[in-house]
Amino acid sequence: MSRRKVVKKNKDFEKIVYGVWFGEEISPDRKKCYLDIVQNFEKEEIKFVLITEQNLKDYPKIVLHEGFQYLSATHKADYIRTALMHFYGGGYTDIKMCNDGWTKAFSDLYNSNKIGNGYPEISKEGVAFVSDKSLYQKMTQNYSSLIGNVNYIFKKETTFTQQWYNNMIKLMDQKLSLLKQYPAKHARQNLYREDFSYPYPIGWTELLGCIFHPLCYKYSEKLLYSCPKFQEGKYR
């Protein structure tokens, strides 16, 4: 008789979700989203922490790469969320509307042997482009096995988060010299076509999506997909 694998239930995990905001003052549109997020999490008794330049020191496991200072505000936020998910674990959300609850998503993850929980990527257009054409084709064909990048929950210090963090640091090492020569000029550098004449060396999705999505594809059997999905729309 085969023995059934028993998954140890973990009812003592901390329900915490992080947001990150660096650089320019938060816009009225995002501020409204932020206030809604705080209110919704309070109802669920979920702790929400917005990480900024002012309170980052409260998270000493996050060591800033030499090139961090040259990143755009968006890429700084990408860097910080990656480090948070690896060293501290818990949830992350962009400052975007999401009216559905997170309690079930936390319970689903921490009462399982899975390592992360998110929502399925919305479409193949949402898949981060990677230079490996074969891998990119496989990811676009299986986009719903990838986790979308707006919000998710991860257990800390797993093989997934370690590779996620290591690959980011490796990219930062490779780009350091160019970052010093061509630091970001504004918060959303390389999002707009007019930016392309300036050789800021990190593409819009290069520091996050291009690392994160291949790992989601690789570890899809260790992921869950019950996180609430954000409300689509334009966020400025």
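Analyst: His213 is found in helix α6, which covers residues 209–218; helices (H or I, at least four residues) and strands (E, at least two) are DSSP runs, numbered from the N terminus. The model is predicted, so local features need pLDDT of at least 70 and side-chain atom pairs count only at pLDDT 80 or more, while totals for chains, interfaces and linings use all residues. Residues are numbered from 1 along each chain as its sequence is written, and side-chain values use heavy atoms, with hydrogens and water left out.

His213 counts as buried because its relative accessible area is 2%, where buried means under 20%, exposed over 50% and partly exposed in between, with a 1.4 Å probe and protein chains only. If neighbours within four places in sequence are set aside, His213 is in contact with Glu121, Gly126, Val127, Ala128, Met139, Leu146 and Ile147; contact means heavy atoms within 4.5 Å.

Helix α6 also holds Phe212, which is joined to Phe160 of helix α5 (residues 159–181), so this pair ties together parts that are 52 residues apart in sequence. Rings of Phe, Tyr and Trp (its six-membered ring) pair if their centres lie within 6.5 Å, and planes under 30 degrees apart count as stacked, over 60 as edge-to-face and the rest as tilted. The structure holds 24 aromatic pairs. One of them is stacked, namely Phe106 with Tyr110, at 6.4 Å centre to centre and 15° between the planes. Phe106 and Tyr110 both belong to helix α3 (residues 103–110), where they sit 4 residues apart, about one turn of the helix. Phe106 is buried because its relative accessibility is 0%, and Tyr110 is buried because its value is 12%. The pair of Phe160 and Phe212, by contrast, is edge-to-face, with 5.9 Å from centre to centre and 75° between the planes.

Phi of Asn190 is near 75°, a positive value in a residue other than glycine, and Asn190 counts as buried because its relative accessibility is 11%. Glu45, in the loop between α1 (28–44) and β2 (47–51), also has a positive phi, near 60°, and is not a glycine; Glu45 counts as exposed because its relative accessibility is 70%.

Now for the whole protein. Its secondary structure comes to 6 helices and 6 strands, and from the N terminus on the elements run β-α-β-α-β-α-β-α-β-α-α-β. Buried residues make up 50% of the 236 residues. Among contacts with a separation of 6 or more, 80% come from residues 24 or more positions apart. Along its principal axes, the C-alpha trace spans about 65 × 45 × 35 Å.
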